[in-house]
Amino acid sequence: MQVIEAQTERVLQLTGYYCGAACSQMLIQRMGIASDQNGIYDLIQENNVESHAFYSDPKGISGVVNSDCFDAFTAGDITIFDNLEGTDIVDQLFDSIFDEGTPSVCLVNSGNHWVVSHKVAYNLTDERDVTILGVFLLDPEPSASPEIYVPIDQFLATVLSPNTFGQEWLGKRIFLSAV
């Protein structure tokens, strides 16, 4: 088994509903840019399109990490993925780390929580075929384990479960990742 990592420092959420802000802060800070979680949350709120359904919706987070305010990423570098399934999800999470050196922000537990996928465990065959074994997640919830390893089948079946909130992303598996 091999592990590829996008070096990321865990940031704890300051309130019970700042998980999206904390995950955004993880991406921004890994680019060497100081940031304030309260300010990030406020910016997410300005970019949210379904604030009635989410504290931090995918467009809110995308708007912040791609904004000129932080200059962490070029606009559009971090993209919302909401139409992938199975191996396409796994491939994108791997490619974001392997090709771009960037972790992904994932909406988990049916849309109840944001986490960061910063490592992927895989096997490489002699033919150079990659088999993804699992992902490592940084959970900003202070009471959670600092890093959680989830086998890929469990990640797809239960962790990255379809969202149950709002309209735009209802029933979709959502993550933000580098392209």
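Modeller: Leaving out neighbours within four places in sequence, S117 is in contact with I97, P103, S104, C106, V135, F136 and L137. This is a predicted model.

Biologist: Why is S117 called buried?

Modeller: Buried means under 20% relative accessible area. S117 has 1% relative accessibility, so S117 counts as buried. Its place is in strand 4, residues 113–124.

Biologist: What makes E168 and K59 a salt bridge?

Modeller: The cut-off is a side-chain nitrogen of Lys or Arg within 4 Å of a carboxyl oxygen of Asp or Glu. For the side chains of E168 and K59 the value is 3.1 Å, N to O, and therefore the pair is called a salt bridge. The pair links distant parts of the chain: E168 is in the loop between helix 5 (152–159) and strand 7 (174–178), K59 is in helix 3 (residues 58–65), and they are 109 residues apart.

Biologist: Why are E168 and K59 called partly exposed?

Modeller: Partly exposed lies between the 20% limit for buried and the 50% limit for exposed. E168 is at 34% relative accessibility, so E168 counts as partly exposed. K59 is at 34% relative accessibility, so K59 counts as partly exposed.

Biologist: How many salt bridges does the structure hold?

Modeller: The structure holds four salt bridges. One of them joins the side chains of K172 and D82 at 3.8 Å, N to O. That value falls within the 4 Å limit, so the label applies. Here K172 is in the loop between helix 5 and strand 7, and D82 is in the loop between strand 2 (78–81) and helix 4 (86–100), 90 residues apart.

Biologist: How do you know that R173 and E85 meet in a salt bridge?

Modeller: Their side chains come to 2.9 Å, N to O, and the limit is 4 Å. R173 is in the loop between helix 5 and strand 7, whereas E85 is in the loop between strand 2 and helix 4, 88 residues apart. R173 is at 16% relative accessibility, so R173 counts as buried. E85, at 47%, counts as partly exposed.

Biologist: What makes helix 3 largely enclosed by the rest of the structure?

Modeller: Six of the eight residues of helix 3 are buried, so helix 3 is largely enclosed. The buried residues are P58, G60, I61, S62, V64 and V65. Their cover includes helix 1, helix 2, strand 2, strand 4 and strand 7.

Biologist: Which residues touch the most other members of the largest nonpolar core?

Modeller: They are V105, W114 and V116, in a core of 27 residues. Helix 1 (19–29), helix 2 (37–47), helix 3, strand 3 (104–108), strand 4 and strand 7 each give two or more residues to this core. Helix 1 gives the largest share, seven residues. V105 touches C23, L27, W114, V115, V116, F175 and L176, not counting residues up to four places away in sequence. A second, separate core of 24 residues includes I4, V90, V108 and L137.

Biologist: Why is L14 called exposed?

Modeller: Exposed means over 50% relative accessible area. L14 has 55%, so L14 is exposed. L14 is found in the loop between strand 1 (2–5) and helix 1. Leaving aside neighbours within four places in sequence, L14 is in contact with Q37 and N38.

Biologist: What lines the largest pocket?

Modeller: The largest pocket is lined by 14 residues, of which C19, Y55, G111, N112 and H113 lie nearest its centre. By class, the lining has eight nonpolar, six polar and no charged residues. The volume of the largest pocket is about 190 Å³.

Technical notes:
Residues are numbered from 1 along each chain as its sequence is written. This is a predicted model: local features need pLDDT of at least 70, side-chain atom pairs count only at pLDDT 80 or more; totals for chains, interfaces and linings use all residues. Side-chain values use heavy atoms; hydrogens and water are left out. Helices (H or I, at least four residues) and strands (E, at least two) are DSSP runs, numbered from the N terminus. Buried means under 20% relative accessible area, exposed over 50%, partly exposed in between (1.4 Å probe, protein chains only). Contact means heavy atoms within 4.5 Å. On a 1 Å grid over the protein atoms alone, a cavity is a set of points where a 1.4 Å probe fits but cannot get out, and a pocket is an open set with protein on both sides within 12 Å along at least five of seven lines; lining residues have an atom within 4 Å of a point. Grid points are joined across faces, edges and corners, and a volume is the space filled by probe spheres set on the points. Ala, Val, Leu, Ile, Met, Phe, Trp, Tyr, Cys and Pro count as nonpolar, Asp, Glu, Lys and Arg as charged, and the others, Gly among them, as polar. A nonpolar core is a set of buried Ala, Val, Leu, Ile, Met, Phe, Trp, Tyr and Cys residues joined through side-chain atoms within 4.5 Å.
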